Amino acid sequence: ISRAHKEIEEGNYQAALEELLDLADDVESRPYEYAVTMQSIGYVYISQEKWELAAQYMERAIQQKALPEQPEKQAIYTLAQIYATLGEYQKTITLMTDWFKTAENPPADAYIIVANAYAATDRYGEAYPYVQQAISKAEKPREDWYKLALGIQFELKKFPESAQTLETMVAHWPDNQMYWKQLSGVYIEIGQDAKALAAMATAYERGLIDKSEDLLNLARLYMLNDVPFQAGKILQSTLEQGKVEATQKNYELLSQAWVQAREYPRGIEALNKAAAMAEDGELFVRAAQLEMSIANWDGAVAAARKAVEKGGLDSKKTGQAWLLLGTAAAEQKEFDTAINAFNKARGYPETRQTASQWLSFVQTEQQVTSLN
């Protein structure tokens, strides 16, 4: 046995195996010696990662029921690990359940073996106490154990607990982008939007957020938490840098951020870019409305014209576009343009009455102005 173990330490597995197999034939009638030999052969196969053969010989060693208490416990523990490696999770659970009954102060690793086995068979409720125990007994944080705990918590929909787990994970492994994103998502799930923003903002400041969808989510979180100016700044810079794709939808989001921040010229500029990409003129109608709100009559006229020219509008939106054009032109005392626009707007049921009232007013104004 000693010679064989020396061969194992030196990596001479075949020599060790031949020695032990010869020995097994000699001691087969003596349970203790035979059990120790079987156990040693099992270690040879473990060293070679031949797990099925390792399991067979460890089983034979335990079946002799001749090993002293502590070596037998160690053999059972080793066999449970081999079963886990082979994907024989129920065998792992059965062995470890019995092992725990007599184990004194079990190590954290023992609990994680059972937690992994239960999780691998989708028995997350049974896995959870074991992974909790493992983490509590661990001398230092183990990232893979926390990942297992988090996965189990997600499966069990224990979102407040998963938030606590992720808080620990970002504290110990702060450069992992995924943990910050997951933490933000969990905060949203439990209705803590401010914390969700804080998590994503921290990740952004650490240089961990650089993908388009993540940057867009960060901007949306700023808007959700009534910080639209910061959303606008991030979107503006990342669109210019090409980190966020210059699409109609993304420019619409940028426009919303600037408008919420009362940065109307910036909002209108972004909306005009989105409108230029749109299939119809509806966004130009919205741009014209915004121009009207800040009394930029030239801008309103230009946007309304683009809305009509681009087309694709329903009756109501077309009427609104002509009405806006007419109103902005009237404000500039461009009466002929206004009259023409209001006459167009009268052709649509939704704007007929308002357009008629404006038309009457503008015609009167034009007459007064010409008399003066």
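Me: In this predicted model, where is Gln64 found?
Reply: Gln64 is found in the loop that runs between α4 (51-63) and α5 (69-86).

Me: Is Gln64 to be read as buried, partly exposed or exposed?
Reply: Buried means under 20% relative accessible area and exposed means over 50%, with partly exposed in between. Gln64 has a relative accessibility of 28%, so it counts as partly exposed.

Me: Which residues is Gln64 in contact with, once its neighbours within four places in sequence are left aside?
Reply: The contacts of Gln64 are then with Pro31, Tyr34 and Ala35. Tyr34 lies 30 residues apart from Gln64 along the chain, and the C-alpha atoms of the two are separated by 7.9 Å.

Me: How is a pair of aromatic rings described?
Reply: Two quantities are used, the distance of the centres and the angle of the planes. The structure holds 11 aromatic pairs. One of them joins Trp99 and Phe100, with 5.3 Å centre to centre and 80° between the planes. Planes over 60 degrees apart count as edge-to-face, and the pair of Trp99 and Phe100 is therefore edge-to-face.

Me: Are Trp99 and Phe100 buried or exposed?
Reply: Trp99 counts as buried because its relative accessibility is 11%. Phe100 is likewise buried, with a relative accessible area of 17%.

Me: Which residues do ring pairs link into a cluster?
Reply: The cluster consists of Tyr77, Trp99, Phe100, Tyr111, Tyr118 and Tyr130.

Me: Where does the charged end of Arg60 sit?
Reply: The charged end of Arg60 sits over the ring of Tyr57, 4.6 Å from the ring centre.

Note on methods: Residues numbered from 1 in each chain as written. Predicted model: local features only at pLDDT ≥ 70, side-chain atom pairs only at ≥ 80, totals over all residues. Heavy atoms only, no water. Helix = DSSP H or I, 4+ residues; strand = E, 2+ residues; numbered from the N terminus. Buried < 20%, exposed > 50% of the residue type's maximum accessible area, 1.4 Å probe, protein only. Contact = heavy atoms within 4.5 Å. Phe/Tyr/Trp six-rings, centres within 6.5 Å; stacked < 30°, edge-to-face > 60°. Lys NZ or Arg CZ within 6 Å of the ring centre and 35° of its normal.
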